[in-house]
Amino acid sequence: MKILKWAAILLLVVFPLAAVSGYFIVLRTDAYQALGEFVKSSSEIRERVGDRPNMRLHFFGYSVRVSGPGGSAEFSASLEGSNGSGELYAKLVKRGDWQIESLSLDGQQIQTATIKPSFPCSGQSEDLHRR
């Protein structure tokens, strides 16, 4: 009976807290911030959804792996602008700076370029994965 009690605590308290914490940590990664900057500055995205595109990460729509100067990230998010909305999917790689490997909005490719975060990277290792 004691094992069932601990299993219930894990399932009902610990795992949901870990999932919510992971989500909010990912929102603060340099990869997600850099993608957000690119989305706001992309003329092609503004043409499709309008001005002031707002990106909302799906709750389990991320995978971020970083170790030193290298890493990778994938994001699935909803985009909403003044003229419409869409589903965004992005793959980024880190080779010193974050680079968008592929980016699509509603299944259609978006032109990408190297993006540089406007804040210093800590160099710490991170391994966050939800999918």
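Predicted model: local features only at pLDDT ≥ 70, side-chain atom pairs only at ≥ 80, totals over all residues.
Figure 1. Residues are numbered from 1 along each chain as its sequence is written, and side-chain values use heavy atoms, with hydrogens and water left out. Asp106 has a phi near 55°, a positive value in a residue other than glycine. Most residues other than glycine have a negative phi, and most peptide bonds are trans.

**Figure 2. The loop between helix 3 and strand 1, with Asp51 and Arg52.** Phi of Arg52 is near 50°, again a positive value in a residue other than glycine. Arg52 is exposed, with a relative accessible area of 66%, while Asp51 is partly exposed, at 45%; these classes use a 1.4 Å probe on protein chains only, with buried under 20% relative accessible area, exposed over 50% and partly exposed in between. The C-alpha atom of Asp51 is separated by 5.5 Å from that of Ser82, although the two residues are 31 apart along the chain. Leaving aside residues up to four places away in sequence, Asp51 touches Arg46, Gly81 and Ser82, where a contact means heavy atoms within 4.5 Å.

**Figure 3. Aromatic pairs, including that of Tyr32 and Phe75.** The structure holds four aromatic pairs, counted for rings of Phe, Tyr and Trp (its six-membered ring) whose centres lie within 6.5 Å, with planes under 30 degrees apart called stacked, over 60 edge-to-face and the rest tilted. In one of these, the ring centres of Tyr32 and Phe75 are 5.4 Å apart and their planes meet at 65°, so the pair is edge-to-face. This pair links distant parts of the chain, since Tyr32 belongs to helix 2 and Phe75 to strand 2, with 43 residues separating them. Tyr32 is buried, at a relative accessible area of 9%, and Phe75 is also buried, at 1%. Elsewhere, ring pairs join Tyr23, Phe24, Phe59 and Phe60 into a cluster.

**Figure 4. The largest nonpolar core, a set of 28 residues.** Such a core is a set of buried Ala, Val, Leu, Ile, Met, Phe, Trp, Tyr and Cys residues joined through side-chain atoms within 4.5 Å. The members that touch the most other members are Leu35, Met55, Leu57, Phe75, Leu92 and Leu103. Two or more residues come from each of helix 1 (2–26), helix 2 (30–41), helix 3 (43–49), strand 1 (54–67), strand 2 (70–80), strand 3 (85–95) and strand 4 (97–105). Helix 2 gives the most to this core, contributing six residues. Phe75, one of the members that touch the most others, is also the partner of Tyr32 in the edge-to-face pair.

**Figure 5. The chain as a whole, with three helices and six strands.** Read from the N terminus, the elements follow the order α-α-α-β-β-β-β-β-β. Of the 131 residues in the protein chain, 36% are buried. Among contacts between residues at least 6 apart in sequence, 55% join residues at least 24 apart.

How values were computed. Helix = DSSP H or I, 4+ residues; strand = E, 2+ residues; numbered from the N terminus.
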